[in-house]
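Here is a request for a short briefing on one protein model.

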Amino acid sequence: AAAANLAMHPVTGAFADSSHESAFAAQFFRRAFSGHVLLMALAHTIMIGISIIAEGMLRPVYIMITLFMTLGLFGRVLLHRMHDTARAQRYFCWIWTVLLMQACVVHSGSLVVAPALACPIALGGVLLMTLPIALLNGSHGMGFVHKAVVISLLLVPRLVVIAACGKAALASELSDMGVILVGSAVAHVLELSLRHSYAEKVQEKQRLTEERQLLVEERRRHEERTEQLQAEKERLLYDMQRRPHDDSNRAAILRGLQAGTTGTSQPHFSAEATAGSDDRSEAGGP
């Protein structure tokens, strides 16, 4: 049953048992804290630089995106301090999805409204954020479908850039989309490896638990056997204390039996034999 619960899907890596799925996601989310903070701080720094160089109406747009990223960074730090890691992981997955969706909408809107100003920025600094975001998206412990939906959202602004900026953006955006897909695949392979490691640790823990239960059961049986031997020992000691009285009783009975045997052990002669013996004695014969 334990082996069946730890069965994983060969592609998605999802566990058959939802409790193991939730436990792994929480563990993965907590272990990735340092990497998340580093990647989010890097992306946040890049977005601050883009906000500084942005001109006209694009500056408020990128300031808004920077604000979204700031909320995400602070939310990640606060949720890491939450005692219930599983709930923290679920909360941040949805926070990440909502904030990333809003950033994609704002970025795509700026390309549609002001393509002349947004295209140079989209073809420059925004490309540096692609790999960190792809790695972040694949290391939150989200389900495979959830990750696929978010990756699809990341691809939409690239298609908008191609439509708004023309053929000049085709090569860079296709390479950007390739980086998103490759980064997501690398993160997924790393997650699969960690899932296998988690399954092995759980199996080892279950084996140790079973061995511990067997030892406890064996100890309990040993204690029961010891108690039985102790009770038998006490009963034997009690019998040994009563043995002198029992020996005297048996000795009295034995003496009575021996006395009865002595009284009936004399030789018995018949009347004819007695009379013949008297006649021989009177005649002087033998």
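This is a predicted model: local features need pLDDT of at least 70, side-chain atom pairs count only at pLDDT 80 or more; totals for chains, interfaces and linings use all residues.

Residues are numbered from 1 along each chain as its sequence is written, and side-chain values use heavy atoms, with hydrogens and water left out. The protein chain has 10 helices and zero strands.

**Overall make-up**

- Helices (H or I, at least four residues) and strands (E, at least two) are DSSP runs, numbered from the N terminus.
- Read from the N terminus, the elements of the protein chain run α-α-α-α-α-α-α-α-α-α.
- The protein chain has 286 residues, and buried residues make up 34% of them.
- Buried means under 20% relative accessible area, exposed means over 50%, and partly exposed lies in between (1.4 Å probe, protein chains only).
- Take the contacts in the protein chain between residues at least 6 apart in sequence: 74% of them join residues at least 24 apart.
- Contact means heavy atoms within 4.5 Å.

**How the packing is described**

- Two packed helices are described by the angle between their axes and the distance between the axes.
- Axes are lines fitted to C-alpha atoms, for helices over the stretch in contact, and angles run from 0 to 180 degrees between N-to-C directions.
- Angles over 145 degrees count as roughly antiparallel, under 35 as roughly parallel, 65 to 115 as roughly perpendicular and the rest as oblique.
- A crossing is left-handed if the near helix is turned anticlockwise from the far one by less than a right angle, and right-handed if clockwise.
- Ala, Val, Leu, Ile, Met, Phe, Trp, Tyr, Cys and Pro count as nonpolar; Asp, Glu, Lys and Arg count as charged; the others, Gly among them, count as polar.

**Helix 3 with helix 4**

- Helix 3 packs on helix 4 (residues 58-80) at an angle of about 165°, with axes 9 Å apart.
- That angle makes helix 3 roughly antiparallel to helix 4.
- Their crossing is left-handed.
- On the helix 3 side, the contact residues include F33, H36, V37, M40 and A43. On the helix 4 side, they include R59, Y62, I63, I65 and T66.
- The residues of this contact divide into 14 nonpolar, seven polar and two charged.

**Helix 3 with helix 7**

- Helix 3 (residues 33-53) also packs on helix 7 (residues 130-137), at an angle of about 150° and with axes 9 Å apart.
- Helix 3 and helix 7 are therefore roughly antiparallel to each other.
- The crossing of helix 3 and helix 7 is left-handed.
- From helix 3, H36, L39, M40 and L42 meet P132, L135 and L136 of helix 7.
- The residues of this contact comprise six nonpolar, one polar and no charged.

**Cysteines**

- A search of the whole structure finds zero disulfides (pairs of cysteine sulfur atoms within 2.5 Å).
- C93 counts as buried, at 4% relative accessibility.
- C104 is buried too, with a relative accessible area of 12%.

- H146 is found in helix 8 (residues 144-165). Its relative accessible area is 18%, so H146 is buried.
- Not counting residues up to four places away in sequence, H146 touches C93, W94 and T97.
- S108 sits in helix 5 (residues 85-113). S108 is buried, with a relative accessible area of 12%.
- Leaving aside its neighbours within four places in sequence, S108 is in contact with P157 and V160.
- S108 and L159 are 51 residues apart along the chain, and their C-alpha atoms are separated by 9.3 Å.

- R87 lies in helix 5. R87 is partly exposed, with a relative accessible area of 38%.
- The C-alpha atoms of R87 and S22 are separated by 9.3 Å, and the two residues are 65 residues apart along the chain.
- V186 lies in helix 9 (residues 170-263). At 49% relative accessibility, V186 counts as partly exposed.
- V186 and A134 are 9.4 Å apart in space, C-alpha to C-alpha, and 52 residues apart in sequence.
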